[in-house]
Amino acid sequence: MGIFKYYPSNPKKLDPEMEKRIFIHSLIFPAAFVFVFWIVEIIEQTLGVTFVRLGVYPLHVKGLPGILFSPFIHSDFDHLISNSIPFFILMFMLIYFYRRISYRIFIQLYLLAGLCVWLSGREAWHIGASGVVYAMAAFHFISGIIRNDVRLLTLSVVVVFLYGGMVWGMFPINPDVSWEGHLWGAVSGVALAVYYRKYTIRRDKFDWEDEEEEDTEIDDEESQFTVGEENTDSQSSVEKKDDDKKWGDISHTGEF
């Protein structure tokens, strides 16, 4: 079985070798992207050149190549570091859980976020991978809610907890920050999460989920048993009353 047909399931049935292959595969692509990010910035810093004009410049032909190249260009090492860590984590999550369609989703997020900035951004050079980061973060968060999947919901909470401040980046607070890239990246992520809402990640139930169902079944059986006892007691009382009437014993109502 290939890794694109295997999905994490019940912990009792995991294939250790397959899990190892999946983990390694999920690391390669985001690591390669981040490596190129750093190479580009090192070249800029060491040679004293700038690739800013390869960024997105909205509504101008000269800005079209930026849809492809802008995520690789950063203003400085601080900007690069702030994008590298979330990009790596979120891209790893995307490949690990959505292997069969992960690359398709990534390309769509990548192009859609850049295109939206080109169509609606300010007349300025927009650079950096933060738009793609916002796109993946929004995709994971909304997907976790839509699917009601324990693992995805947990990871979504982690994303919000670690990068909750990202919400403010979607507002025009800092003129030096491309809030349009953040906003349209997030919108792209939400749109694709809804679009792929019917894509299911197959898994068996965890042990604690089975135990919960067993407890429910036991409670139902106990309830049925209790109801049965009550019915038996009621029937016995009625039969006793009939016997009392039959044999002429005095009851509390004075009837014979």
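Predicted model: local features only at pLDDT ≥ 70, side-chain atom pairs only at ≥ 80, totals over all residues.
Leu59 sits in the loop between helix 1 and helix 2 (66–69); helices here are DSSP runs of H or I with at least four residues, strands are runs of E with at least two, and both are numbered from the N terminus. Residues are numbered from 1 along each chain as its sequence is written, and side-chain values use heavy atoms, with hydrogens and water left out.

To return to Leu59, its phi is positive, about 60 degrees, although Leu59 is not a glycine. Most residues other than glycine have a negative phi. Leu59 counts as exposed because its relative accessibility is 55%; the cut-offs are under 20% relative accessible area for buried, over 50% for exposed, and partly exposed in between, with a 1.4 Å probe and protein chains only.

Let me now describe the chain as a whole. It has 8 helices and 0 strands, and along the sequence the pattern reads α-α-α-α-α-α-α-α. Of the 256 residues, 39% are buried. Among contacts with a separation of 6 or more, 76% join residues 24 or more positions apart, a contact being heavy atoms within 4.5 Å. The chain exposes about 15,400 Å², of which carbon and sulfur atoms supply 64%; these areas come from the Shrake-Rupley method with a 1.4 Å probe, and for residues only the protein chains shown count as cover.

I turn next to a pair of helices. How do helix 5 and helix 7 cross? Helix 5 passes helix 7 in a right-handed crossing, meaning that the near helix is turned clockwise from the far one by less than a right angle. The axes of helix 5 (residues 130–147) and helix 7 (residues 179–195) come within 7 Å and cross at roughly 35 degrees. Such axes are lines fitted to C-alpha atoms, for helices over the stretch in contact, with angles from 0 to 180 degrees between N-to-C directions. On the helix 5 side the contacting residues include Ser130, Tyr134 and Phe139, and on the helix 7 side they include His182, Val190 and Leu192. Ser130 is buried, with 12% relative accessibility, and it touches Asn83 and His182, leaving aside residues up to four places away in sequence.

The partners are Arg122 and Glu180, at 2.6 Å from N to O. Arg122 lies in the loop between helix 4 (99–120) and helix 5, and Glu180 in helix 7, so the pair ties together parts that are 58 residues apart in sequence. Which of the two partners is buried? Glu180 is, at 2% relative accessibility, whereas Arg122 is partly exposed at 31%.

Asp176 occupies the loop between helix 6 (150–163) and helix 7 and is exposed, with a relative accessible area of 73%. Its C-alpha atom is 10.0 Å from that of Ala124, 52 residues apart along the chain.

Finally, the surface. Phe35, Val36, Ile39, Ile43, Leu47 and Val49 make a nonpolar patch of about 510 Å². Patches consist of residues with over 30% relative accessible area and no salt bridge, like charges being joined within 9 Å and nonpolar side chains (Val, Leu, Ile, Met, Phe, Trp, Tyr) within 5 Å. Val36 belongs to helix 1 (residues 16–47) and is partly exposed, at 34% relative accessibility.

Definitions and conventions. Salt bridge = Lys/Arg side-chain N within 4 Å of Asp/Glu carboxyl O.
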